[in-house]
Structure formats: structure tokens, C-alpha cells
Amino acid sequence: MKIVIEIKRYNPEKDKKPYFHQYEVEVKPDDRLLDILIQIKSKIDPSLSFRKSCSHGVCGSDAMVINEKERLACKTLIKDVAQIEGAVVRIEPLRTLPVQRDLMVDQAKYFQNYRFVKPYLINAEVVSEKERIQSTQERKAIDSATKCILCASCHSACPVVQKENPKYLGPAAIVQASRFINDSRDKGSEERFSDLDYPDGIWPCKSYYRCTQVCPRNIEATQLINETKKKIIDYRNARGERIKNK
Ligand code: SF4
Ligand code: FES
């Protein structure tokens with residue numbers, strides 16, 4: 001069937017402002033949106049810019065807003081976004097990051113927030129055996145967060161980052177912090193509690209649940225954020241300190 005793909009275009013070298021361009025394309029219901037973008041770039045308009053790498057939902061580089069919702073283009077089938085002949089599928093870049101060109105965004109600030117929470121194992125103890133052993137239960141505690149592919153869909157969909165506080169650390173960075181805070185092998189929780197406990201850190205989250213709704217890996221981001229908030233509150237209470245949310 002024929003559908004219309006409407007893409008938000010912007011080339012800072014020649015466009016004064018973004019605009020939408022429509023492409024009429026022949027598709028099959030089981031085609032993926034990424035296949036269609038590749039088809040447009042190779043056969044219709046080589047100037048179209050977007051990121052992709054693995055094409056299998058693993059690298060997170062082709063997150064974009066498709067029909068108003070953050071999705072991975074490689075995991076989105078045409079039949080899920082366009083059911084009838086002539087349907088229009090609207091594709092835009094992620095919302096909370098500056099556009100570099102067309103569907104490509106500048107991820108510098110996003111990855112700065114990611115690095116800020118120390119997303120690596122902190123443990124200076126010498127290991128007696130070859131590795132740091134975890135029980136099945138202990139591994140389960142980090143299972144969800146380890147699935148994060150850093151696609152930034154949650155950051156883009158978050159109403160706090162969008163409208164209330166662009167300086168908010170954002171759900172992806174906090175999910176990563178929780179991944180190590182909940183890791184039985186890690187000893188850096190106190191450092192990370194301090195990293196998250198500031199007015200623009202973990203506290204701006206108001207549990208809108210948009211991050212959870214758009215996450216392509218089904219990570220319960222809002223729940224992880226709330227559990228981490230509770231851990232910080234307990235940590236501060238145990239030390240007779242106040243949280244630094246103002
Ligand atoms: S939590 Fe989900 S939506 Fe957010 S960056 Fe990770 S995989 Fe993407
Ligand atoms: S291209 Fe890697 S997740 Fe889609």
C-alpha cells in the first residue's frame with residue numbers, strides 16, 4: 001500500500017527554521033520504519049539525515065518521535081503506525097535535545113548527565129576469587145536497569161525535562177544510577193546518593209510515568225526513580241540530615 005511519511009527536516013546550514021516534508025512511499029505492513037527511512041534516503045532523497053546502527057533494538061541510536069510517541073524506528077512496524085492506504089506517519093527528532101540535522105540530535109548534554117551519576121562499578125576491595133559472585137536474587141535486583149540501551153526516549157518524553165526544568169538530570173541517568181546503587185557488588189551508593197540529592201537531581205521527578213510508557217526495553221523507570229528517592233531519604237534520615245530538594 002501507499003502511505004505518506006512526513007518528516008521534520010532541518011539543516012542549520014541552509015534552513016531558517018524546521019519544516020515538514022512529505023514522501024509518498026510504497027510499503028508492506030511488516031516493513032519497519034527504519035527500512036522506509038533507508039529506502040527514502042537511498043532512492044528518493046539522499047540528504048535525509050538520521051542515526052542508526054544495529055537495526056535490531058540494541059544500540060538505541062534510532063530513537064525518534066513517530067506519530068507523537070518516542071520509539072525506535074527499527075522496532076516499529078508500519079502496521080503499528082499506519083493501517084490504511086494513504087495514512088500519514090509523522091516522524092520528528094527527539095524532543096528535549098538540540099537538533100543537529102533532520103532526525104539527528106545533539107546528545108552531549110544527555111551523556112553528560114549519564115556520566116555524572118558514575119555509571120560504573122565502584123569497589124576498591126580486593127577480590128578473593130576470580131570474580132565478584134552474586135546470588136540469583138542479587139542479580140535480579142539490577143535486571144531491569146541493565147536492559148537500558150541509553151536511547152534517550154525517556155529523556156525526550158519526560159514532561160519535567162520538556163517544560164518544567166530542562167536542568168533536571170532526567171530518567172535515563174537516574175535509571176543508570178539505580179543500576180549501580182542496587183548492585184550488591186558496588187560500594188559507591190553514598191557517592192551516588194549525594195550526586196542525585198540536589199534540586200535539579202532526582203527531586204524534580206513528579207511521577208508522570210511518561211518515561212515508563214515509552215521505554216522500548218519496558219524498564220519501570222518511574223518505579224526505579226521512586227525507589228531511589230526512598231533510599232536517599234532513608235540515608236539522610238539515618239544520618240539526621242535533610243534532603244537537598246530546595
Ligand atoms: S530507560 Fe528505556 S527509554 Fe530510557 S534510555 Fe534506557 S532504554 Fe531508553
Ligand atoms: S538501530 Fe540500534 S536500536 Fe535501532
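Author: Buried residues make up 48% of the 246 residues in the chain, where buried means under 20% relative accessible area, exposed means over 50%, and partly exposed lies in between, with a 1.4 Å probe and protein chains only. This is a predicted model, in which local features need pLDDT of at least 70 and side-chain atom pairs count only at pLDDT 80 or more, while totals for chains, interfaces and linings use all residues. Residues are numbered from 1 along each chain as its sequence is written, chains are lettered from A and ligands numbered from 1 in the order in which they are written, and side-chain values use heavy atoms, with hydrogens and water left out.

Reader: What does the secondary structure of the chain come to?

Author: The chain has 10 helices and 7 strands, counted as DSSP runs numbered from the N terminus, with helices (H or I) of at least four residues and strands (E) of at least two.

Reader: Why is Lys163 called exposed?

Author: Lys163, which lies in helix α6 (residues 159-164), has a relative accessibility of 66%, and because this is over 50%, Lys163 counts as exposed.

Reader: What makes helix α7 mostly covered?

Author: In helix α7 (residues 171-181), 11 of its 11 residues are buried, among them Ile174, Arg179 and Phe180. The elements that cover these buried residues include α3, α4 (136-143), α5 (153-157), α8, α9 and α10.

Reader: How do you know that the charged end of Arg179 sits over the ring of Phe180?

Author: The rule asks that NZ of Lys or CZ of Arg be within 6 Å of the ring centre and within 35 degrees of the ring normal. The charged end of Arg179 meets this rule at 4.0 Å from the centre of the Phe180 ring, and the charged end of Arg90 likewise sits over the ring of Phe20, 3.9 Å from its centre.

Reader: How many aromatic pairs are there, and why is the one between Phe116 and Tyr198 called edge-to-face?

Author: The count comes to 4 aromatic pairs, where rings of Phe, Tyr and Trp (its six-membered ring) pair if their centres lie within 6.5 Å, with planes under 30 degrees apart counted as stacked, over 60 as edge-to-face and the rest as tilted. Phe116 and Tyr198 are 5.9 Å apart centre to centre with 75° between the planes, and because 75° is over 60, the pair is edge-to-face. Phe116 is in helix α3 (residues 108-116) and Tyr198 in the loop between α8 (189-196) and α9 (210-214), 82 residues apart. Phe116, at 38% relative accessible area, is partly exposed, and Tyr198, at 27%, also counts as partly exposed.

Reader: Why are α8 and α10 called roughly perpendicular?

Author: These two helices pack at an angle of about 105°, with their axes 10 Å apart. Axes are lines fitted to C-alpha atoms, for helices over the stretch in contact (heavy atoms within 4.5 Å), and angles run from 0 to 180 degrees between N-to-C directions. Angles under 35 degrees count as roughly parallel, over 145 as roughly antiparallel, 65 to 115 as roughly perpendicular and the rest as oblique, and therefore α8 and α10 are roughly perpendicular to each other.
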